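Welcome! Have a look at the structure below, and then we will walk through it together, one feature at a time.

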Amino acid sequence: EGRNLCWRRLGQEVGLSVTGRTIQRTLSRYGYSCCKACKKPFINRQNQRERMRYSCEHWQKPVDFWRKLMYSDECFFDTLKQGSTWVTRLPHKHYHDHCLQHTFHSGRSSVHLWGAISHNWKSP
């Protein structure tokens, strides 16, 4: 995928004999820039489909339905420094799948947080 290539390498891949700076200036005229990929926890395709199905089935439920539910989530923050991936993208493509740096949990040092919210209530 070309989104992770530096400008010079991108030119080499497509057979251009121009500098990386020339490619950068040309692509920036069309709105492209090179920036750090947004980090987002990995969600496999099956879970993506299940979330979409759930939202399609419930999006027209009345407000009273939603007031009876509690939503919880958990996350892990790694305490060790990790590197960033740089990608080439358009400004509105922050969360396009090819522009993300998916994160996975391993045995490294991390902090685990859990929280929940409901109508007029939140966990401590």
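Let us begin with Tyr-95, which counts as exposed because its relative accessible area is 61%. Here, buried means under 20% relative accessible area, exposed means over 50%, and partly exposed is in between (1.4 Å probe, protein chains only). Tyr-95 sits in the loop that links β4 (86-89) and β5 (100-103). Which residues does Tyr-95 touch, not counting residues up to four places away in sequence? They are Cys-38 and Leu-100, where contact means heavy atoms within 4.5 Å. Tyr-95 and Ala-37 are 58 residues apart in sequence, yet their C-alpha atoms are 8.7 Å apart in space.

A word on the ground rules: this is a predicted model, in which local features need pLDDT of at least 70 and side-chain atom pairs count only at pLDDT 80 or more, while totals for chains, interfaces and linings use all residues. Residues are numbered from 1 along each chain as its sequence is written, and side-chain values use heavy atoms, with hydrogens and water left out.

**The whole chain**

Now step back and take in the chain, which has 4 helices and 7 strands. Helices (H or I, at least four residues) and strands (E, at least two) are DSSP runs, numbered from the N terminus. Starting at that end, the order of elements is α-α-β-β-α-α-β-β-β-β-β. Of the 124 residues in the chain, 16% are buried. Among contacts with a separation of 6 or more, 78% are between residues 24 or more positions apart. The chain exposes about 10,100 Å², and 55% of this area comes from carbon and sulfur atoms. Accessible areas come from the Shrake-Rupley method with a 1.4 Å probe; for residues, only the protein chains shown count as cover.

**Salt bridges**

How many salt bridges does the count come to? There are 3, a salt bridge being a side-chain nitrogen of Lys or Arg within 4 Å of a carboxyl oxygen of Asp or Glu. Here they are:

| Residues | N to O distance |
|---|---|
| Arg-9 and Glu-13 | 3.0 Å |
| Glu-57 and Arg-53 | 3.2 Å |
| Arg-67 and Asp-64 | 4.0 Å |

Arg-9 and Glu-13 are both in helix α1, 4 residues apart, about one turn of the helix. Arg-9 is partly exposed because its relative accessibility is 37%, and Glu-13 is partly exposed at 47%. In helix α3 (residues 45-58), Glu-57 and Arg-53 are likewise 4 residues apart, about one turn of the helix. Glu-57 has a relative accessible area of 47%, so it is partly exposed; Arg-53, with 46%, is partly exposed as well. Arg-67 and Asp-64 belong to helix α4 (residues 63-67) and are 3 residues apart, again about one turn of the helix. Arg-67 is partly exposed, with a relative accessible area of 41%.

**Aromatic rings**

A pair of aromatic rings is described by the distance of the centres and the angle of the planes. Rings of Phe, Tyr and Trp (its six-membered ring) pair if their centres lie within 6.5 Å; planes under 30 degrees apart count as stacked, over 60 as edge-to-face and the rest as tilted. By this rule there is 1 aromatic pair. Phe-65 and Trp-66 make up this edge-to-face pair, with 5.0 Å from centre to centre and 85° between the planes. Phe-65 counts as partly exposed because its relative accessibility is 25%, and Trp-66 is partly exposed at 28%.

Phe-65 has another neighbour to look for: Lys-61 lies over its face, 5.1 Å from the ring centre. A charge sits over a ring if NZ of Lys or CZ of Arg is within 6 Å of the ring centre and within 35 degrees of the ring normal.

**Towards the end of the chain**

Next, find Asn-120 in the loop between β6 (110-118) and β7. Asn-120 has a positive phi of about 60° although it is not a glycine. With a relative accessible area of 73%, Asn-120 is exposed.

Leaving aside neighbours within four places in sequence, Ser-123 is in contact with Trp-114, Gly-115 and Ala-116.
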